[in-house]
Amino acid sequence: MRGPTISTLAVALTLAVPTLAGAAETKVVTAARLLDVASGRYVDKPVVLVVAGRITAVGKAGDFAIPADAEAVDLPGATLLPGLIDMHVHLDASPVYGGYNALQFSDAFWSVTQTANAKATLEAGFTTVRNVGADRFNDVGLREAVDEGVVPGPRIVTATYAIGATGGHCDSTFFPPSMDQKAPYNIDSPDQARKAVRTLKKYGAQVIKICATGGVFSRGDEPGQQQLTYDEMKAVADEAHMAGLKVAAHAHGGAGIKEAIRAGIDTIEHASLVDDEGIRLAAQKGTWFSMDIYNTDYTQSEGRKNGVLEDNLRKDRDIAEIQRENFRKALKGGVKMVYGTDAGVYPHGDNARQFAVMVRYGATPLQAIQAATLNAAQALGRDKDLGQVTAGRYADLIAVSGDPLADVTVLEKPVFVMKGGAVVRR
């Protein structure tokens, strides 16, 4: 972030968070220890120097000179980590209005409520998110507002609209023919796929999202059904990669997962019904899996009262435990994992609750943390800016009380959050 943007963001956040520290150009952050997420080792009594929103030095007291004008940010007893990254969110969605309940509001309602969701996400320690699907280019407007310091929020990688097949998971499937509802970026051929990618990039897509299979919270399909052909997915991947964009594929079913991997898709979202061949293929190709294995806890307990249709809850129940066991198998099989939660299906700000579920199903605490830091930054293609507390990267930092390698649930309640050198929570 540029200096003027940091200053503007600091003013906006001061109004929202009374305990916010100033956004001085130079800060020195100290704590009890720092987790090096690459090695899994702790650095005792670290000193992190921040200048103009970026980390310029990391070491211990006496390792380098501290500028006289540096603002001291001391976090006694706390553990420092990089800002967390959630690779699968929907900031303009809310779980409170399930099924047809959302129709009571105007279209603009969602573009306003997403600002509160962005703030909650940032204060929860997630300083970067990938928003994989939004209506009316809401996520682009939110990204612009956050970048300009108008509203507080994480760094947002925007997908804009998701691309899907006519009648598929990403189409509008809840209405009769008389209402003629359809998603604006349905594709039914490779040529239409290429046109959709070009158009979405034109209007602000920084990543492309496709729906390769059926889904849970759509109507008239099943999660396992493949909905885009290999040729269509290949056309999306080729066009996006030519433009320097990565592609995320919503894919629950085994056949659709494998075809997406073969087509060159970068990340597989959900991967619920992946089979052994799909796991081997992902490991061989280096395809990332983003498996949202927490959110069923919320949807099954709260979905019905929020208006979620019974058929959607049935599909959610049917695949929940299968997905979690396949997470365990994929991890053992060498598949590269990133941290993606599908926030919007459950309340924004609760993103860190998935860490404990990942550990319960076979990940070490370090593996779970790496999925939300080091791995996610690599999968985004932004590992020179994000994912580690090292010189040159953005000063995106969080701190927790306790030892996250012994108890990963401490990540659910960060005591300190910094984004781009501006203190968000302290």
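Predicted model: local features only at pLDDT ≥ 70, side-chain atom pairs only at ≥ 80, totals over all residues.
## Strand S1 and its partners

Strand S1 covers residues 26-36 and strand S5 covers residues 71-82; the two run parallel and are joined by seven bridges.

Strand S1 also pairs with strand S3 (residues 46-51), here in the antiparallel sense and over five bridges. Within this pairing, lysine 27 stands opposite valine 50 of S3. A further antiparallel partner of S1 is strand S2 (residues 41-44), to which four bridges join it. Leucine 35 faces tyrosine 42 of S2. Strands S1 and S2 form a hairpin with four residues between the strands, and in this hairpin glycine 40 takes a positive phi near 80 degrees.

## The three-stranded sheet

Strands S6, S7 and S8 form an open sheet in the order S6-S7-S8, and their pairing is parallel. Strand S6 (84-89) and strand S8 are the edge strands, each pairing on one side only. On average, and ignoring direction, neighbouring strands of this sheet are turned by 15 degrees against each other.

Four bridges link strand S7 (residues 126-131) with S8 in the parallel sense. Asparagine 131 stands opposite threonine 158 in S8. Helix H3 packs on the sheet, where it touches S7 and S8, and the direction of H3 makes about 150 degrees with that of S8.

## The second largest pocket

The second largest pocket holds about 160 Å³ of space. Its lining consists of Arg143, Asp147, Arg155, Ile156, Gln206, Arg382, Asp385, Leu386 and Tyr394. Helix H3 (138-147) and strand S8 (155-158) are the elements that give two or more residues to this lining. Sorted by class, the lining has five charged, three nonpolar and one polar residues.

## The five-stranded sheet

Another open sheet is formed by five strands in the order S11-S12-S13-S14-S15, with parallel pairing. Strand S11 (207-211) and strand S15 (336-338) stand at the edges with a single partner strand each, so one side of each is left without a neighbour in the sheet. From one strand to the next, the twist averages 30 degrees.

Strand S11 and strand S12 (residues 246-251) run parallel and are joined by five bridges. Isoleucine 208 has valine 247 of S12 as its bridge partner. Helix H6 (residues 254-263) lies across S12, strand S13 (267-270) and strand S14 (288-290), and runs at about 160 degrees to S13.

## The crossing of helices H4 and H5

Helix H4 (residues 190-202) and helix H5 (residues 230-242) have axes that come within 8 Å and cross at roughly 30 degrees. This crossing of H4 and H5 is right-handed.

On the H4 side, the contact is made by Pro190, Ala193, Arg194, Val197 and Arg198. Helix H5 contributes Asp231, Glu232, Ala235, Val236, Glu239 and Ala240. The residues of this contact between H4 and H5 comprise six nonpolar and five charged ones, with no polar residue among them.

Technical notes. Residues numbered from 1 in each chain as written. Heavy atoms only, no water. Axes fitted to C-alpha atoms, helices over the stretch in contact; angles between N-to-C directions. Left-handed = near helix turned anticlockwise from the far one by under 90°. Contact = heavy atoms within 4.5 Å. Nonpolar A, V, L, I, M, F, W, Y, C, P; charged D, E, K, R; others polar. 1 Å grid on protein atoms, 1.4 Å probe; cavity = no way out; pocket = protein on both sides within 12 Å on 5 of 7 lines; lining within 4 Å. Points joined across faces, edges and corners; volume = space filled by probe spheres on them. Pairing = 2+ DSSP bridges.
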